[in-house]
Amino acid sequence: LVEATEAFTRIIDWAQKHGSFLAFVQASHLRAGVWWRRGNLAEAEADAENSSGHPSFMLRPGALVQVEIRLIQDDVEAAERLWHDLGLEQDPMAGRASVGTRQVRARLRVATGRHEEALNEFEASREAEDAWGIRTPAHSTWRSDAVRLLTTLDRVEEAQALSEEDVGRARRFGDPRPLGIALRAAGLAHKDTARLAESVATLRPSPARLELALSLLELGAA
């Protein structure tokens, strides 16, 4: 994530130096996604908003970030308004990027109490991953969201089985952010403080500060 931030910053600097607005827009939206993964919400929102008026095909990462930020701030009404204003509801949901878009739509559905619709989005995410041969948990963490929802709905056995799948994928990949997220969801599904503690330990040295905060919160609550 740090290397990605630096790479997109170099592109933005180049774009400003050479007057390339399209390159500036694309790199800003992509860097917004990286800032979000790092938990730097102010920087993520600034990058997303700096170029939100340009009809670039790279708009989606920054648009999704703006919705995610409203959700994490518990401003569901603003998140839903942004979702529609940014045209995300009209997204054809085709291609590899549809997995991440569906994850955010599912989060929005959960926040507004439409749980079955959210579960349908998670299932569609799995189908899209299978269709595109996506194996990396860095692409999307929808499984952890689904585990949390299934746990809330008292579908505990389903939640636990999915959490084991999620943790296994994340361990094989080895990146701390998706692993920490998966461990947090597994800890909640299994009511296992050891997994929550491992999530904190996994995320603590990583740049994913927001995810660390969320895992500390769950560990403290447990």
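Rings of Phe, Tyr and Trp, the last by its six-membered ring, pair if their centres lie within 6.5 Å; planes under 30 degrees apart count as stacked, over 60 as edge-to-face and the rest as tilted. With that rule, a search of the whole structure finds two aromatic pairs.

Before I go through them: this is a predicted model, where local features need pLDDT of at least 70, side-chain atom pairs count only at pLDDT 80 or more, and totals for chains, interfaces and linings use all residues. Residues are numbered from 1 along each chain as its sequence is written, and side-chain values use heavy atoms, with hydrogens and water left out.

Now the pairs. A search gives two of them. Phe21 and Phe24 are stacked, at 6.4 Å centre to centre with 20 degrees between the planes. Both lie in helix α2, three residues apart, about one turn of the helix; helices here are DSSP runs of H or I, at least four residues, numbered from the N terminus. Phe21 is partly exposed at 46% relative accessible area, whereas Phe24 is buried at 14%. Buried means under 20%, exposed over 50%, and partly exposed in between, with a 1.4 Å probe and protein chains only.

Phe122 and Trp142 are also stacked, because their ring centres are 6.3 Å apart and their planes at 20 degrees. This pair links distant parts of the chain, with Phe122 in helix α7 (residues 115–132) and Trp142 in helix α8, 20 residues apart. Phe122 is buried at 3% relative accessibility, and Trp142 is buried at 3%.

Last, back to helix α2, residues 21–38, which also holds His29. His29 is buried at 0% relative accessibility. Its C-alpha lies 4.4 Å from that of Gly62, 33 residues away in sequence.

Technical notes
Helices (H or I, at least four residues) and strands (E, at least two) are DSSP runs, numbered from the N terminus.
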